[in-house]
Amino acid sequence: MSRAIQKVMGIRPLTSSDIPAITSIFNEAVSSEETTCDIQPRTEEQMKSWLTGDLPKYESYVFEKDNEVLGWAAITRYHEREAYSPTTELVTFVRRAARNKGVGGELMRLVLRRARELEFH
């Protein structure tokens, strides 16, 4: 992704310093029973393992505005069985207060494009 696009959209690759913010956003969805099949909140360590501990071909991004992470998206492994390796799961989570402002749409467009570029389906 070009720096110009990153700056305009506020999207950048996820770093380990984002783990507390993305964990909070994910657990907000769990607690309100929205957009996830998880029923228990996840710890920061679980989120870090899920999003940064996998093969290097998977990617995660955050949408940041005024130094606050408003949402995140990821291209993640669908299943650990080798036959599923070309298949991914695309996830997007947006902080409740930032919804309906285009954050989720921008993130999803990015991960859809990147998944195609990485030849996933």
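**Loop, aromatic cluster and helix packing**

Asn 67 is located in the loop that joins E2 to E3. The model described here is predicted. In this model Asn 67 has a positive phi of about 65°, although it is not a glycine. The loop between strand E2 (59-65) and E3 also holds Asp 66, and Asp 66, again not a glycine, has a positive phi of about 50°. Most residues other than glycine have a negative phi. As for accessibility, Asp 66 counts as exposed because its relative accessibility is 73%. For Asn 67 the value is 73%, so Asn 67 counts as exposed.

Read from the N terminus on, the elements follow the order α-β-α-α-β-β-β-α. The chain has 121 residues, and buried residues make up 37% of them. Taking the contacts between residues at least 6 apart in sequence, 58% join residues at least 24 apart.

A pair of aromatic rings is described by the distance of the centres and the angle of the planes. The structure holds 5 aromatic pairs. In one of them, Phe 26 and Trp 50 lie 5.9 Å centre to centre with 70° between the planes, an edge-to-face arrangement. This pair links distant parts of the chain, since Phe 26 is in helix H2 (residues 19-31) and Trp 50 is in helix H3 (residues 44-52), 24 residues apart. Are the two partners buried or exposed? Phe 26 has 1% relative accessibility and therefore counts as buried. Trp 50 has a relative accessible area of 22%; buried means under 20%, so Trp 50 is partly exposed.

Trp 50 also pairs with Trp 72: the ring centres are 5.8 Å apart and the planes stand at 85°, so this pair is edge-to-face. Here too distant parts of the chain are linked, with Trp 50 in helix H3 and Trp 72 in strand E3 (residues 68-77), 22 residues apart. Trp 72 is buried, at a relative accessible area of 0%. Together, Phe 26, Trp 50, Trp 72 and Phe 93 make up one aromatic cluster. Trp 50 has a charged neighbour as well: the charged end of Arg 42 sits over the Trp 50 ring, 4.5 Å from its centre.

Leaving aside neighbours within four places in sequence, the residues in contact with Val 91 are Trp 50, Trp 72, Ala 73 and Ala 74. Val 91 is part of strand E4, and Val 91 is buried because its relative accessible area is 8%. Between Val 91 and Trp 72 the C-alpha to C-alpha distance is 8.2 Å, with 19 residues separating them in sequence.

Two packed helices are described by the angle between their axes and the distance between the axes. H2 and H3 pack at an angle of about 100°, and their axes are 9 Å apart. Angles of 65 to 115 degrees count as roughly perpendicular, and H2 and H3 are therefore roughly perpendicular to each other. Which residues make the contact? H2 contributes Ile 19, Pro 20, Ile 22, Thr 23 and Phe 26, while H3 contributes Glu 44, Met 47, Lys 48, Trp 50 and Leu 51. Sorted by class, the contact of H2 with H3 has 7 nonpolar, 1 polar and 2 charged residues.

Glu 45 is another residue of helix H3. Its C-alpha atom is 8.4 Å from that of Ile 19, at a distance of 26 residues along the chain. Glu 45 is exposed, with a relative accessible area of 57%.

The last stop is Arg 95, in the loop between strand E4 (88-94) and helix H4 (103-117). Is this arginine buried or exposed? With a relative accessible area of 17%, Arg 95 is buried, because buried means under 20%. Apart from neighbours within four places in sequence, Arg 95 is in contact with Ala 21, Ser 24, Ile 25 and Glu 28, and also with Glu 68, Val 69 and Leu 70.

Key: Residues numbered from 1 in each chain as written. Predicted model: local features only at pLDDT ≥ 70, side-chain atom pairs only at ≥ 80, totals over all residues. Heavy atoms only, no water. Phe/Tyr/Trp six-rings, centres within 6.5 Å; stacked < 30°, edge-to-face > 60°. Helix = DSSP H or I, 4+ residues; strand = E, 2+ residues; numbered from the N terminus. Buried < 20%, exposed > 50% of the residue type's maximum accessible area, 1.4 Å probe, protein only. Lys NZ or Arg CZ within 6 Å of the ring centre and 35° of its normal. Axes fitted to C-alpha atoms, helices over the stretch in contact; angles between N-to-C directions. Parallel < 35°, antiparallel > 145°, perpendicular 65-115°, else oblique. Contact = heavy atoms within 4.5 Å. Nonpolar A, V, L, I, M, F, W, Y, C, P; charged D, E, K, R; others polar.
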